[in-house]
Amino acid sequence: MLSRTIVAAVLGAFLAATGAATAQQSITIRAGTILNGKGGVQRNAVITVEGSKIARLGANTTQPATYDFSRLTILPGLIDTHVHIANHFGKDGRLAGTDESPGEQALYDAESAYTLLMSGFTTVQSIGAQRELALRNAIARGQLPGPRVLTSSTPLTDANLTPDQIRQFVRKTAADGADVIKIFATKSIREGGGQTLSDEQIFAACDEAKKQGKGIWVHAHAASAVRASALAGCTAVTHGFLITDAEASLMAMRGTYFEPQTGLLLQNYIENKPRFFGIGNYNETGFKFMEESIPKTLAMFKMAMKHRDLKMLMGTDGGAGAHGQNAREIIYRVQVGGQPAMDAIVAATSLNAAALGMQNQIGSLAAGMEADLIAVDGDPLTDITALRRVMVVMKGGRLYKNVAPSR
Ligand SMILES: [Zn+2]
């Protein structure tokens, strides 16, 4: 019996390590600390994974575990509700334009997906580009390593469409296979962030998305557009650079998710200035504006945080240069923004999962959930930078990374 157990454990480790674990192959993981993604903490626990799911999560035993991560902290795989996975630096090291072949684009996308997964993000919502549909499908086939991808495909940018045409756009995008709808209701903040879609156009988009059973993310800076989005029942407002207390209250009251960016988006542009400069609105005025905006977004975030009932997502808007650094947003919120570490972690796990409508599959660690988990070196509750020391990544019961130091 003993030898059979050892053989099973070794075989399990081998199959998991090669990504070939078959359904119902049981894997046990011993954890020093578990953060369950919903605010719970458990010390010295064992997670049993069968197939793609967590079968049990219980107290530690003396049984040998397939993996012993008793010196690490295990938490749900991180989720970013706003990335641009198709956005990358090209052959010349600068923001890639339209001069790449489809093959080059696909491979850059695969690289970005791999980088995201290795950094502990097991689910990302990319909003978006049409070719993200192909990337999502490729990863879902199970051979290409990457996070679960949800995508909006092509976003709505044309403010000249009538409300009826906007509804058609939403229906077509949903029919084409998009997981979510993305609309631009204001200009870029580098261009002042003024409202571009009328309140009626915003309503048409959000109402139709709801009818199609899709979430909808609204790019909005101007307070007026944020108000219209909350009143129209849109799922989430992203950015919200120009909001005041009144809009934060309104979003909280209406249950609108709010997705501000404080710690990575603008910093990444500035750190990589030569790679963006001279393209579109990435000019001197744009960069000066972005530099001045960092303390302003921080102040806005601190204001929003005071609204305890406001559901604040962790969505970085990360594109070229930012892939794999997404946890910087969480770290900044805690270290600079003053958000409690547990709140920031819950946002990046169970709250984000709920915003994606996937709270019964991902974002928390419990029996029946998908086995999406990471192990980090350190305790993120006392040292949030531990989120950048990702030693182990498992998605859907498959182990994609294990660089945990041996005992
Ligand atoms: Zn974006």
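User: What makes β12 and β13 paired strands, and in which sense do they pair?

Analyst: Strands pair if DSSP finds at least two bridges between them. Strand β12 (residues 373-376) and strand β13 (residues 390-395) have four bridges and run in the antiparallel sense, so they meet that definition. One of the bridges joins Ile374 to Val393 in β13. The strands themselves are DSSP runs of E with at least two residues, while helices are runs of H or I with at least four, all numbered from the N terminus. A word on the source: this is a predicted model, where local features need pLDDT of at least 70 and side-chain atom pairs count only at pLDDT 80 or more, while totals for chains, interfaces and linings use all residues. Residues are numbered from 1 along each chain as its sequence is written, and side-chain values use heavy atoms, without hydrogens and water.

User: Why are β3 and β14 at the edges of their sheet?

Analyst: The open sheet has seven strands in the order β3-β2-β1-β4-β12-β13-β14, with mixed pairing. β3 (53-59) and β14 (398-402) each have a single partner strand, so one side of each is left without a neighbour in the sheet.

User: What makes Ile216 a residue to look at in the largest nonpolar core?

Analyst: A nonpolar core is a set of buried Ala, Val, Leu, Ile, Met, Phe, Trp, Tyr and Cys residues joined through side-chain atoms within 4.5 Å. Buried means under 20% relative accessible area, exposed over 50%, and partly exposed in between (1.4 Å probe, protein chains only). The largest such core has 37 residues, and Ile216 is among those with the most contacts inside it, along with Ile202 and Phe258. Contact means heavy atoms within 4.5 Å. Not counting residues up to four places away in sequence, Ile216 touches, among others, Val180, Ile183, Ala205 and Cys234.

User: Which residues of α7 are buried, and what do they pack against?

Analyst: Glu247, Ala248, Leu250, Met251 and Ala252 are the buried ones. They pack against α6, β10 (236-239), β11 (257-259) and α10.

User: Why is the crossing of α4 and α5 called right-handed?

Analyst: A crossing is right-handed if the near helix is turned clockwise from the far one by less than a right angle, and left-handed if anticlockwise. α4 passes α5 in the right-handed way, at an angle of about 30° and with axes 8 Å apart. Axes are lines fitted to C-alpha atoms, for helices over the stretch in contact, and angles run from 0 to 180 degrees between N-to-C directions.
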